Amino acid sequence: MPREELVKKVKVSGRMFMFQPCVGNSKYPGIISAALHALPRLGVEPVTSDEQTCCGGFLTFTNVAQPTSTMPAVARNLCIAEEQNLDVVAFCNGCHTFLTEFAHFMNDRPPVKGVVNTILAMIGREYKGTSDIYHIVEILYKLKDRIAERVKVPLTGFRLATHYGCHYLNGFKKTAIDDAFMPTVLEEIVRACGGDVVDYAENRTCCGTGLTQVILHKEELSLPHTKRKLENLNEACADAVVVQCPYCLAQLDRMSQKLNSRKAGSFHTPAIHVIQLVALALGVEPAKLGFDAHAIPFNRFLKKFEQTPRRDGINHKDTKAQSGNQTAEVAA
């Protein structure tokens, strides 16, 4: 259940800095594209910058660099938002974790902040710690009533499972706006879009990405774990599983493809980031949401979506025809 005392602290501004996740942009560009098209429909102007780099988390948790080495990089990224007087919105549980944790560490330790700023001074920047950092799920939850009011294509009849991801719920037990042991924020966003929430036994288990070959080279542990979750999604007959992190999306999506190719099962439940789902419900054309980049095709999902009545009375197939054969686009 949402912790209202923490929800009240979430501030939704008219302009917010979109922190682009490297895993998202390299594998699933539709995440940021969805934000750039959907958030203006909710009264939020999304701001991005070509100066932004990786959050530094990947270098830290793979032990490629020490936290003290990546801290100036984190501070520099946050400076980009600070210089525009903007708060930061993260679309990845990992980005949210590292930006928040490193910012907290620097803000609470003036000597560390001083060392970081000595380094930043070499490039003419100074970290002040004035920008708040939010997860996109926190912003969308805060705007859930507005989402419900502005939905153009209610996802009526869609059976949608949810997956939160370990880093947000378990890593932020004290600050996450939802109860780590009984979360409902994603479910409420799904319902605001008009979808039906489908429960499944593996709902709160890890997707397994922390054990993949990308980090620990423990595929023999990761794949059976992920396979059990995917089998459970099959049993639930979900049209899609809604995630809030591109790492989780990649694990559920690409491991489905790997297991299928090894004839270890038949897994065809597409994984969709929550901002992509909201964008669909708000009437953003599917061609703008990067579904072609997903390993598990969205053909069945989008066929069902095309048949879903729109509130404005326009047949969705007409809007699809107008878009032609566009490929997934990412606004600059």
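Visitor: In what order do the four strands of the open sheet stand, and is their pairing parallel or antiparallel?

Guide: Two strands pair if DSSP finds at least two bridges between them. Helices (H or I, at least four residues) and strands (E, at least two) are DSSP runs, numbered from the N terminus. In this predicted model, the order is β6-β5-β7-β8, with parallel pairing. Because β6 (196-197) and β8 (271-273) have a single partner strand each, they stand at the edges, and one side of each lacks a neighbour in the sheet.

Visitor: Which helix packs on the sheet, touching β5, β7 and β8?

Guide: Contact means heavy atoms within 4.5 Å. Axes are lines fitted to C-alpha atoms, for helices over the stretch in contact, and angles run from 0 to 180 degrees between N-to-C directions. Helix α14 (residues 274-281) touches β5 (159-163), β7 and β8, and its direction makes about 80 degrees with that of β8. Strand β7 (residues 240-243) is joined to β8 by three bridges; Val 241 has Ala 271 as its bridge partner in β8.

Visitor: How many residues of helix α11 are buried, and what covers them?

Guide: Buried means under 20% relative accessible area, exposed over 50%, partly exposed in between (1.4 Å probe, protein chains only). In α11 (residues 185-192), six of the eight residues are buried, including Val 185, Ile 189 and Ala 192. Their cover includes β5, β6, β7 and α14.

Visitor: On what basis are residues numbered and values computed?

Guide: Residues are numbered from 1 along each chain as its sequence is written, and side-chain values use heavy atoms, with hydrogens and water left out. Local features need pLDDT of at least 70, side-chain atom pairs count only at pLDDT 80 or more, and totals for chains, interfaces and linings use all residues.
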